[in-house]
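Thanks for asking me to look this one over.

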Amino acid sequence: MDIRQSLAAAAYAQPRLAPAAAQPEGGGNLFTQAITNFADTVAQGEAQARAAMTTGVDPHSLVTALAQTELAVETAVTIRDRVVEAYQEILRMPV
Amino acid sequence: MTDFSNALSVAASGMRAQAQRLTHVSENIANADTPGYHRKITSFEVERAMGAPDGAVRPGPVRLDQTTLPMIFDPSHPMADEAGTYEGSNVDLVIELADAREAQRSYEANLRIFDQIRQMSSSLNELLRR
């Protein structure tokens, strides 16, 4: 009886643990990918700006790169604000 | 965000192509009095380079206007033949000015689109911020 109970508990715990462990992994991957994209966009914008100042690169590419960087930074800042806001909301929860 | 990003690239490619066209127009105007000069015609084609977004435009190969060059009568000109004439350029300033105006209008249209894309993305972020 005791053994069967522990076996059943182990059997229940196993599938419950697996998705719980897998889900943050997938979300973390997506998040990492988004951050990498963001970093790439910003780096490209900086490279274009540097090239425009040092060598006479096409100003259209500079404007495009800066607009895309602005878009990416704005999005990242907005998401960060939302995350911080959610965190503070949790902190304010009466325990 | 990739849609906005692609649209920005396409609008920038349009602006780049129109700038190239304006370069050729200014070359034509500068050479309006050059003997034997054929005016340059800018063509446009769809960008097929790797990494470029679908639908971007790029200036195609430059073609020369093959209409016959006018014979200008000026016996004192160094290039004049026995009849006292030499080949001028086939640049028509009215056509060049019209072409330049067209390039300007097209450039402005692309610029407006560029600005509109930025405004749209800003309003989307504004919605996210609330």
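1. A term to begin with: a polar contact is a pair of N or O atoms within 3.5 Å; within protein, one must be able to donate a hydrogen and the other to accept it, and residues adjacent in sequence count only if both atoms are side-chain atoms. By that rule, the side chains of B:E96 and B:N28 are in polar contact at 3.2 Å.

2. Some ground rules. This is a predicted model, in which local features need pLDDT of at least 70 and side-chain atom pairs count only at pLDDT 80 or more, while totals for chains, interfaces and linings use all residues. Residues are numbered from 1 along each chain as its sequence is written, chains are lettered from A and ligands numbered from 1 in the order in which they are written, and side-chain values use heavy atoms, with hydrogens and water left out.

3. Back to B:E96, which sits in helix 2 of chain B (helices are DSSP runs of H or I with at least four residues, strands are E runs with at least two, both numbered from the N terminus). B:E96 has 0% relative accessibility and so counts as buried (under 20% relative accessible area; exposed is over 50%, partly exposed in between, with a 1.4 Å probe and protein chains only). Leaving aside residues up to four places away in sequence, B:E96 touches B:V25, B:N28, B:I29, B:R39 and B:V91, where contact means heavy atoms within 4.5 Å.

4. What do the buried residues of helix 2 of chain B pack against? Their partners are helix 2 (59–91) of chain A together with helix 1 of chain B. The buried set includes B:D99, B:F114, B:I117 and B:N125.

5. Now the interface: 18 residues of chain B are in contact with 14 residues of chain A. The two chains bury about 1400 Å² between them, 55% of it on carbon and sulfur atoms (accessible area, 1.4 Å probe, lost on being put together and summed over both parts). B:R16, B:N125 and B:R129 supply 32% of the area that chain B buries against chain A, more than any other three residues.

6. For charge pairing, the count between chain B and chain A is two salt bridges (a side-chain nitrogen of Lys or Arg within 4 Å of a carboxyl oxygen of Asp or Glu). A:E70 forms a salt bridge with B:R118, with the closest N and O atoms 3.1 Å apart. Helix 1 (2–30) and helix 2 (93–129) are the elements of chain B that give two or more residues to the side touching chain A.
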